[in-house]
Amino acid sequence: MGENLGQHFLKDKEALAAIVAAGELSSTDTVLEVGPGEGALTQPLLETGAKVVAVEKDPALIAELEQTFQSEIKSGQLELIQSDIRDLDVANKLKAVDYKLVANIPYYLTGQLIAETLTSTHQPTKVVLLIQKEVAERIIAADGKESILALSVKVFGTPEIIQVVPAESFSPPPKVDSAILQISDISRDFFSDLSEEEFFALIKRGFGHKRKTLANNLATDPRFTKEQTEKALEDCKLKTNIRAERLTLDNWRCLSENLI
């Protein structure tokens, strides 16, 4: 049922508690839960007193959730929406309230959901997601190498791995371990004096060809000349043979201010 949609249901009560704790929830909060499945996370989320808006694609699971949480639905504390999260206009749905995204999501949704959530016109105040451990490590750049995904998260907030959750904590168990990723301090402050669109265009150009140096990748950008690129690298104290993955967010800001 859920497995067909890429869902692996978390059974470990300690891991569930850790996810909820990372959300720092109270009765004044509104929580968006994506892929509630059988309600294992929904229950402790509701126990915080928060209002929960749960989006589930599987109609069979919706029917099960409606039975399990009859009283919470009746009181208005829980709202169930049958939909693929990718088809739902979350910014419009939750536009009247601040909200937190707290969920155990199907792996295949990870990149798209994080990107669309953080770039939304109505950002959440906090994100707590149980995702593939390898992806979480890439986001925090555990190996010291940045990626487009990592930088795309860091321009909007502060990512942190709360804890690793082993595969056997799930039913059915996935083939890899997971990790609880928290993104806090979410805002658009980074772009207060910088074009979001042009900044991301610069990063994508810089990562264009993995085997090429940053300078060679940027040389393909029609917005500026080779001389402008070389001067920007010099002004930002970056070596001409450096690769994009070695640049920090501050390095990219410096390049943007010198090139865009």
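This is a short chat about a predicted model and its residue A215.

Reader: Ground rules before we start?
Author: The model is predicted, so local features need pLDDT of at least 70, side-chain atom pairs count only at pLDDT 80 or more, and totals for chains, interfaces and linings use all residues. Residues are numbered from 1 along each chain as its sequence is written, and side-chain values use heavy atoms, with hydrogens and water left out.

Reader: How many helices and strands does the protein have?
Author: 12 helices and 9 strands. Both are DSSP runs numbered from the N terminus: helices are H or I with at least four residues, strands are E with at least two.

Reader: Where is A215 found?
Author: In helix α10, residues 214–218.

Reader: Is A215 buried or exposed?
Author: Buried, with a relative accessible area of 17%. Buried means under 20%, exposed over 50%, and partly exposed in between, with a 1.4 Å probe and protein chains only.

Reader: What does A215 touch?
Author: T229, L233 and T240, leaving out residues up to four places away in sequence. Contact means heavy atoms within 4.5 Å.

Reader: And how far is E234 from A215?
Author: 11 Å in space, C-alpha to C-alpha. In sequence they are 19 residues apart.

Reader: Zoom out. What share of the protein is buried?
Author: 50% of its 260 residues.

Reader: What about contacts across the chain?
Author: Take those with a separation of 6 or more: residues 24 or more positions apart account for 68% of them.

Reader: What does the C-alpha trace span?
Author: About 65 × 40 × 30 Å along its principal axes.
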